[in-house]
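Please keep the sequence and the 3D view open as you read.

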Number of protein chains: 2
Amino acid sequence: MVPRKTTTRARLISTAAELFRRQGYAQTGVNQIIQEANATSGSFYHFFPAKEDLLLAVVDHIAEIFDTGIFSPAADRSHDPIEEIFTIFDLYRQQLNNGGFTFGSPMVSLSAEVSENHPQVRARLAEVFASWSGRIEGLLRRAGNRLPPSLDHMGLAQLVVCTIEGAVLGARLNRSLAPFDAAIAQLRTYFDLLEHRMGAAAVAPAGRPVPATSPQTADWRSW
Amino acid sequence: MVPRKTTTRARLISTAAELFRRQGYAQTGVNQIIQEANATSGSFYHFFPAKEDLLLAVVDHIAEIFDTGIFSPAADRSHDPIEEIFTIFDLYRQQLNNGGFTFGSPMVSLSAEVSENHPQVRARLAEVFASWSGRIEGLLRRAGNRLPPSLDHMGLAQLVVCTIEGAVLGARLNRSLAPFDAAIAQLRTYFDLLEHRMGAAAVAPAGRPVPATSPQTADWRSW
């Protein structure tokens, strides 16, 4: 009994997530969700007394997809905190590419659609974005003295998250990953300059920067 | 006769822009627009044979608001191209603040809502964003040798536009300008580092950077 209920609930959530993405939250009727999820009205209202309860579950579902599909694999693949940040971008990019520029947009679309009229969902979305910023901030702190000590780690993390969200929007509008790639390349240059600043703190007598450990820092010198 | 018609058309557009912002495009019925704009169904369909025609006019209307309310005043107030970019941010911030975190979002909201199902509107929105990036790119080029010659000017312009769009979303979600301010502060640091790199190209024998002309570059040295 319990597994079956769990499956119906999961099916309702993933069906709703897809419908919300495609046609928006307001435009998606409960009946369509029930029908496409092959569920019953009884089970729907058992799990989700109000449509907004489903919306909250969809937000959590999307956050989980990001965790298992992007953040966790990036952590597994990277041993360097700054590389882990750029691996997150790479994996996000792959998902965007595979999904025909629609992946990732559920969060942006829902934010744009519901932030005026659904305060509880708005707060939950803000929490999810904050958890992403917090994760990036943690990675920046782990980079230690490769970054300037006076760096606003949380501020840079917020720039990263804002940039990605804006870049996803740009990629969708232009049906091209070019805006996303351009934004990431610029973030890379910014990171390289921040790292280089630490390298340059110990300037050799001839005025040449001390060789740095990061391959990116090496790249930037020929930039 | 002509001015009256023009006024009705303008009223339909600004009413629709506000309704689309508040409740979304799909959720806004033509009848509600006609009623709130104090117009008639005849005049509506005279100006806008289809609801999508109105949507295109709304996109142009919002683009015009950005031109007259942000880009033109920023150009008037600034004599320095890089300062003009940051004046654009300041004016945008003021609008966000005055509008209770809703200004600016029509473009983001419409992009999120219509980019899947309205290819013509998606293309128009992409043009508007491209015109903004192009404007920023022009300012970056005007900064001349204050920025590295190998800089991807268009790429940096795209980063700027992506960041702002993402930051607006963050400000709305958090009901706070903090994410917007954090993102802008980081962009400022990035610009300062790019400018400093040009200053550092002529490193003094003692390893100290040659004093730079920009006040931002001066700030960054104590950063």
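## Salt bridges

Over all chains, a search of the whole structure finds 18 salt bridges. A salt bridge here is a side-chain nitrogen of Lys or Arg within 4 Å of a carboxyl oxygen of Asp or Glu. Side chains of opposite charge can pair when their charged atoms come close.

This is a predicted model, in which local features need pLDDT of at least 70 and side-chain atom pairs count only at pLDDT 80 or more, while totals for chains, interfaces and linings use all residues. Residues are numbered from 1 along each chain as its sequence is written, chains are lettered from A and ligands numbered from 1 in the order in which they are written, and side-chain values use heavy atoms, with hydrogens and water left out.

| Pair | N to O distance |
|---|---|
| Asp181(A) and Arg93(A) | 2.6 Å |
| Arg141(A) and Glu137(A) | 3.1 Å |
| Glu18(B) and Arg21(B) | 2.8 Å |

Take Asp181(A) and Arg93(A), which meet in a salt bridge. This pair links distant parts of the chain, 88 residues apart. Asp181(A) sits in helix α9 (residues 178-200) of chain A, and Arg93(A) sits in helix α5 (residues 81-98) of chain A. Helices are DSSP runs of H or I with at least four residues, strands are runs of E with at least two, and both are numbered from the N terminus.

Now turn to Arg141(A) and Glu137(A). Both lie in helix α7 (residues 119-142) of chain A. They are four residues apart, so about one helical turn separates them. Glu137(A) is buried, with a relative accessible area of 18%.

In chain B, Glu18(B) and Arg21(B) both lie in helix α1. They are three residues apart, about one turn of the helix. Glu18(B) is partly exposed at 31%, whereas Arg21(B) is buried at 15%. In chain A, Glu18(A), Arg21(A) and Arg22(A) are linked in a network of salt bridges.

## The fold of chain A

How many helices and strands does chain A have? The secondary structure comes to 10 helices and zero strands. Of the 223 residues in chain A, 54% are buried. Now consider contacts with a separation of 6 or more, where contact means heavy atoms within 4.5 Å. In chain A, 67% of these join residues 24 or more positions apart.

## Where the chains meet

At the interface, 52 residues of chain B are in contact with 52 residues of chain A. The two chains bury about 4300 Å² between them, 61% of it on carbon and sulfur atoms. Buried area is the accessible area (1.4 Å probe) that two parts lose on being put together, summed over both.

Which elements of chain B give two or more residues to the side that touches chain A? They are α1 (2-23), α6 (105-114), α7 (119-142), α8 (153-174), α9 (178-200) and α10 (215-221) of chain B. The most comes from α8(B), with 13 residues. Across this interface the rule finds zero salt bridges.

Chain B can be laid on chain A by a turn of 180° and a shift of 0.0 Å along the axis, with an RMSD of 0.0 Å. The two copies are thus related as by a two-fold rotation axis. The superposition is by least squares on the C-alpha atoms of residues with pLDDT of at least 70 in both. All told, 100% of the interface residues of chain B are also interface residues in chain A, so the copies meet through the same surface.

## Two residues with positive phi

Most residues other than glycine have a negative phi. Asn38(B) has a positive phi near 60°. Asn38(B) lies in the loop between α2 and α3 (41-47) of chain B, and is exposed at 64% relative accessibility. Arg175(B), which is not a glycine, has a positive phi of about 50°. Arg175(B) lies in the loop between α8 and α9 of chain B, and is partly exposed at 32%.

How values were computed:
Buried means under 20% relative accessible area, exposed over 50%, partly exposed in between (1.4 Å probe, protein chains only).
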